[in-house]
Structure formats: C-alpha cells, structure tokens
Amino acid sequence: MSGPIHIRPDETFTLNVGPQHPATHGVLRVKMEMDGEYIVKAETVLGYIHRMHELMGENRTYPQVLPNLSRLDYLGALGYTHGHVLVIERAAGIEVPERAEYIRAITVELNRIASHLFWFGAFVMDLGGFTPLMYAIQDREHILDLLEAVTGSRLTYCYYRFGGLYNDVDDDFIAATKAVIPMLRKSLKKYDALVTGNIIFMKRLEGIGPISAEMCRKYGATGPVARGAGIDFDVRKNEPYSVYPEFDFDVPVYHECDSLARYKVRMDEMEQSLRIIEQGIEKLPDGPIMPKKKPKLIKPPKGDYYQAVETARGSFGIRIVSDGTKNAYRFKLRSPTYSNMSLFDEACEGMMIMDALAMMGSLDLVIPEIDR
Amino acid sequence: MSLTILNAVIAVVAAIAFAAINAAYLVWAERRGAGRIQRRPGPNVNGPFGLLQPPCDGIKLMAKQLMIPGGADKALFMVAPVLAMAPAIMSFVTIPFSDTIVAHSMNIGVLMIFAFASMGAMAILLAGWGSRSKYAVMASVRAVSQNISYEIPMLITVITIVMMTGTMNLAEMVASQTGGIWHWNIVPSLSSPLMPVSFLLFFICALAETNRAPFDLGEAESELVAGFHTEYGSMGFGLFFMGEYANIVIGASLITILFLGGWGCPLGLYPGVWWFLLKIYLLIFSFIWIRWTFPRTTIYGLLNLSWKILIPISLFNLLLTAGLLKVF
C-alpha cells in the first residue's frame with residue numbers, strides 16, 4: 001500500500017463472515033456491510049455445499065434416495081427420513097404396522113433431543129462459554145449409543161423402510177431408554193441451573209435479536225424460531241402424522257420474540273420429547289415391524305404428494321410428483337433451516353456483530369440442510 | 001559495580017525465567033483445569049500428567065514459519081508481540097515475592113506496574129493495525145477501549161489502598177498488612193468499610209485488563225475468529241500467549257499484594273514466599289475456573305459495567321475512605 005488513505009467518517013467496510021468462520025458452523029458465508037461494530041446490511045451467500053439432493057431424487061429410484069435424506073441434516077437425520085417414508089407410504093398405499101410407527105416416533109424424538117442438546121452446546125459456545133458443549137455432547141452420546149444399537153449408525157441413519165423399519169428394537173433398548181430418560185431430565189435441570197440463570201447469558205439474549213411473528217410469516221420460518229415469536233405451530237399437533245395424535249404433549253410457545261425465547265422453546269421441547277418417548281415405550285404394541293404385503297417395486301401412482309413433518313429445526317416438507325415410474329418426476333425438499341436462515345439478512349440490520357451472531361446461533365443452523 | 005551488574009543480570013534472567021515458566025505451565029494448568037471442569041482428561045499423553053506438553057508446544061511454535069500476511073505493516077507486525085511480552089516481564093521487577101526476594105524495590109512500584117500494563121494495550125493495537133485484517137482491527141479497537149475503561153476503576157481502587165497504607169512501595173504495602181488475616185486490606189475496618197467490594201471490583205478489573213473470559217472480547221473466537229492475533233502464527237502467537245499468561249501472574253500478584261497480605265500467613269505464622277505463591281496460584285485457578293464457566297459479555301455490556309457501575313463505586317469508596325481516614 002502506498003499513498004495516504006482518506007477515511008470518510010461515514011465510510012463502511014465489507015466483512016466476510018465465512019465461508020470459513022467459527023460462528024457459522026459450516027460453510028456459510030455472510031457478506032456484512034459494517035459501520036464499525038454495527039451491521040448496515042447483510043447478505044447471505046449460499047451454495048458452498050450444494051449436493052443436488054433434489055436432482056438425485058429424480059434420477060434414482062425411491063429406495064435409492066432414502067439414504068440421501070439423512071445427509072441433509074446430520075444432527076436430526078431421522079426426522080428427514082421419516083418424512084420421506086411417510087410420503088412414499090401414502091403415495092404407494094403401503095400399510096405400516098403400529099409397532100413400527102411407535103418405534104419411529106420414539107427414535108425421532110430421541111434424535112430430536114440429541115440435536116437440541118448439540119445445539120445447546122454450540123449455542124453457548126457461540127456466546128463464548130465452551131464448557132456446556134462438553135456436557136451436552138456427553139449426554140448426547142448416550143442417545144447416540146441407543147440409536148446406534150437399533151439403527152446401526154450414529155449420525156446418518158437409514159433406519160426406516162417403506163412400510164416399516166429395518167430392525168426391531170429389543171428389550172435391552174427399551175430398558176436402556178427407560179434408564180436414559182431420568183438421567184436426561186436431571187441433566188436438563190442442571191443445564192437450567194448452570195446456564196439459563198447466568199446473568200451474562202441473560203443479558204446477551206434478553207431482548208436481543210428480535211424476530212417477530214410477522215417476519216416469520218414473511219419468510220416462512222417454522223419450528224422453534226416461529227414458536228419463539230409466539231406462533232403456536234407444530235406440525236405434530238396442527239397436521240398430525242404417524243402416531244403423534246396418540247401422545248399427550250405440549251407445544252412450548254414464547255411470545256418475547258428474542259434469542260432467549262428461542263432458547264427456552266428448545267429447552268422445553270426436550271422435556272416434551274422425553275414425555276413422548278415415555279408414553280411411546282409404555283404404549284409400544286407387539287407385532288411385526290414390516291407389513292405382510294408390500295410391493296416389490298415402489299411405483300406410486302401418478303400424482304402430486306406432499307408431507308410435512310416436524311424436525312428438530314422446524315417444518316420439513318417433502319413433495320413428490322410421480323409419473324407412475326420407479327423414479328420421481330419431481331423431488332422437492334422444503335428445508336426449515338433455509339427459511340429460518342433467509343430472515344437473517346433482514347433481522348440483523350442495525351445490530352452489533354456479536355448480537356447478530358448470537359441470533360444466528362439461536363436459529364440453529366445446519367448448513368448442509370440449507371444447501372441440500 | 002560489577003556485583004550490581006551481576007545482580008541486575010540475575011534479576012532480569014530470573015524474572016524472564018519465572019515469567020516464561022509460568023506462561024508455559026499455566027497453559028498446561030489451564031488445559032488440565034479445563035479438562036477437569038469439562039469432564040475430559042486434557043493433555044495427558046506427553047510425560048506424566050502431560051507435563052511435557054508445554055515444551056512440546058514451545059518447540060512446535062518455534063519450528064513454525066513466521067508468516068507475514070501480504071500488505072501487512074512489517075515493522076509493526078514484528079514489534080507487536082515483543083511489545084506484548086516485554087512490559088509483562090518488566091513488571092516482575094518490582095513485585096516482592098517475600099521480604100527478601102524482590103528484584104528491585106521501588107518507591108513507585110505500583111505506578112510502574114500500571115505504566116507497563118498500559119503498554120499491553122499498545123501492543124494489541126499495533127498487532128491489529130499491523131496485520132491488515134478487518135477482524136484484527138476490530139478486535140484491537142475493542143481491546144483498547146476495554147483496557148482504557150478498566151484501568152480507571154482499577155487505579156482509583158489503588159489510590160484508596162495507597163491512602164490507607166500511605167506508601168506506593170509494594171513491599172511496604174505488604175509490611176503494613178503483616179500479622180494475620182485481620183490486618184489484610186480485604187478485611188473491612190472502621191476507616192475502610194467497603195474493602196471487600198473494592199477487592200471484588202479490583203478482581204473484575206484484573207480479569208478485564210488481562211483480556212480473560214468473560215471479558216475476552218479482543219479474541220472473541222465466535223465473532224472475530226481469533227481477534228487481534230488472527231494473522232499471527234509461530235512464535236509471534238507464542239509471545240502473545242506468554243504475554244497474556246505473564247499478565248495473569250502479575251494481576252494475581254497485585255491482588256495478593258494489595259488485598260491479601262502478600263507473603264503473610266493468614267494466621268501470622270511462617271511468612272514467606274510459599275504463602276505468596278499459594279495465594280497467586282489460588283487466584284489464577286479462580287481465573288481459570290471463571291473462564292471455563294461463564295459465557296462472554298458484549299462490548300457495550302462491558303463498557304457499561306465499567307463506566308456505570310465500577311467507576312462510581314470505586315469513586316464512592318475513595319471518597320468514603322478519604323473521609324473516614326480523616327475521622328479515625
């Protein structure tokens with residue numbers, strides 16, 4: 001550099017947050033126009049980890065696509081495969097045994113808790129507290145062990161089949177799950193005592209990062225983000241699927257619209273998921289896990305099918321347009337994080353960078369799920 | 001003459017060695033402590049209890065290539081780490097570890113330590129400016145505003161203590177507190193009823209001055225990558241690291257001398273350097289404990305805390321103590 005540099009008082013500069021940045025938890029890039037510590041304008045740049053899952057869904061047969069679905073969201077993968085099997089089962093008219101549905105609900109909820117636990121740790125780490133991550137990961141480990149025992153994998157599950165499951169659960173799994181529930185309850189109380197009441201933590205979240213209900217509707221945000229803005233919407237309650245109507249659980253809703261509300265929603269959701277698991281284990285019927293009659297080749301009749309499920313991050317929709325062949329004509333995924341992320345640009349305008357990144361943490365981003 | 005030069009050399013070498021060994025082994029202690037707090041082992045492979053980890057880290061850092069980013073101001077970039085480390089070592093010169101172990105007892109010991117501590121902010125500013133990285137500049141501006149605003153309540157508290165003890169010589173300050181825990185400055189007396197508050201205030205300021213969590217805004221890794229030392233690798237980074245830990249030792253020593261009776265025993269028995277070391281390492285442990293327990297504050301929360309809470313309290317305490325000293 002040579003020559004004098006003239007700096008105007010109103011000069012802004014561009015800050016590239018990402019694609020390699022510790023706050024974005026993946027390859028997300030946010031171009032921020034900064035005025036000192038304040039964000040004037042932000043622009044999210046996506047596409048660094050795009051893998052064309054939708055195109056793959058059109059080029060492969062339905063069972064071949066099944067493992068792809070668990071590669072969207074590596075933290076709550078079961079919810080996504082659940083959506084896929086549900087839509088194909090409805091399209092192809094496959095009956096699912098009740099036992100299979102119950103086991104699906106139990107495993108999905110376990111996976112949801114695992115995902116929220118990881119989010120909890122990563123979120124507090126975004127705020128500068130490293131220790132809760134270690135505690136959360138240790139608790140998550142118990143759940144992963146449980147899921148590994150039945151599904152055979154720890155992260156990218158391919159456990160559900162069209163019509164049922166790959167593998168039945170045994171008594172050991174039931175006993176281990178029963179043992180894990182009180183342990184997790186205790187941990188959740190501990191997290192509450194350790195983190196939620198902390199004055200620094202409260203000051204960083206209370207009233208910071210407002211995302212109003214109006215903004216949620218505008219961008220289609222769902223899940224804990226919308227429930228933290230006072231929108232009482234949970235696909236499990238509002239458009240029930242699987243065996244969720246059989247369960248007694250609440251949908252935590254907070255009206256404060258700030259980062260703390262979104263944090264509280266997720267913390268309460270873990271407790272509700274524990275309740276669902278408890279009831280599921282109690283009600284778990286005997287019987288087969290795969291239907292007796294199942295077509296050899298999955299060929300849904302011509303039509304347009306859509307199924308939404310509530311994953312850990314929000315409402316995940318999967319739309320399949322079938323032309324009657326063994327491949328989908330159109331395979332469309334509506335991923336919740338994509339919608340949740342898109343409101344970030346508007347929401348962070350005028351915020352300080354550290355508050356904006358705390359808000360980004362409260363959105364619970366999983367980048368491969370945004371890019372698909 | 002030659003004896004005094006020899007003495008000076010011994011003192012300087014001892015100070016550097018003490019600072020360097022402390023820096024190296026505090027990193028080990030921090031990592032082990034963090035491991036204990038986080039229910040994981042921490043470094044435990046190299047040597048017994050991982051005690052050989054610091055030399056390994058040192059060799060690794062020294063063996064690395066010193067990269068200077070393109071467009072960086074080379075001179076400032078090279079000077080900054082040295083400037084971070086040197087004042088920290090200089091401050092050790094006046095710190096009395098016991099009534100005999102002190103490199104050079106000065107009548108303005110407190111002033112000298114604060115003068116050198118202020119230079120640490122300079123090093124951070126130069127590092128941020130010299131490395132030509134937006135993250136580094138933002139972080140260094142944060143760190144400097146933080147250092148400036150926390151020096152004020154810290155100095156006001158020191159003035160309170162100077163008024164009480166009537167000296168700025170650190171050894172004399174300790175001497176005025178001999179004879180057991182009830183003579184220490186932390187214990188409230190008739191003339192200074194707010195001393196525990198002052199201690200807490202000074203402790204918070206010491207955390208902030210050394211850029212420790214929860215006030216580590218200069219190196220907030222979730223926002224500013226690695227803060228002011230983003231572009232530093234090799235021994236440049238190593239010097240910043242050593243400077244930080246040396247500053248922690250100085251902060252803990254100052255707290256011990258000003259409030260906790262220096263090398264005196266709580267019961268007035270066997271005063272000596274061991275009590276001093278015990279006290280500073282207990283304080284350093286509490287620093288580590290706090291770091292791994294609390295999340296980070298915001299920059300405005302931090303400045304508000306200093307200007308709206310700490311400075312008024314310290315000023316009030318100063319006035320109160322001044323008034324009561326006149327009365328009693």
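Biologist: Which residue in S7(A) stands opposite A:Thr311?
Modeller: That's A:Gly314. Strand S6 (residues 303–311) and strand S7 (residues 314–322) of chain A pair in the antiparallel sense over nine bridges. Strands are DSSP runs of E, at least two residues, helices runs of H or I, at least four, both numbered from the N terminus; pairing takes at least two DSSP bridges.

Biologist: How many residues does the hairpin from S6(A) to S7(A) run through?
Modeller: Two residues join them. This is a predicted model, where local features need pLDDT of at least 70 and side-chain atom pairs 80 or more, while totals for chains, interfaces and linings use all residues. Residues count from 1 along each chain as written, chains are lettered from A and ligands numbered from 1 in written order, and side-chain values use heavy atoms without hydrogens or water.

Biologist: New topic: how many aromatic pairs are there over all chains?
Modeller: The count is 28, taking Phe, Tyr and six-membered Trp rings with centres within 6.5 Å (planes under 30 degrees apart are stacked, over 60 edge-to-face, the rest tilted). One of them is B:Tyr232 with B:Phe240, edge-to-face at 5.0 Å centre to centre and 75° between the planes.

Biologist: Is B:Tyr232 buried or exposed?
Modeller: Buried, at 7% relative accessible area, and B:Phe240 is buried too, at 6%. Buried means under 20%, exposed over 50%, partly exposed in between, with a 1.4 Å probe and protein chains only.

Biologist: And what about B:Phe241 and B:Tyr245?
Modeller: They form a tilted pair, 5.4 Å centre to centre with 55° between the planes. They are four residues apart in helix H9 of chain B, so about one helical turn separates them. B:Phe241 is partly exposed at 27%, whereas B:Tyr245 is buried at 4%.
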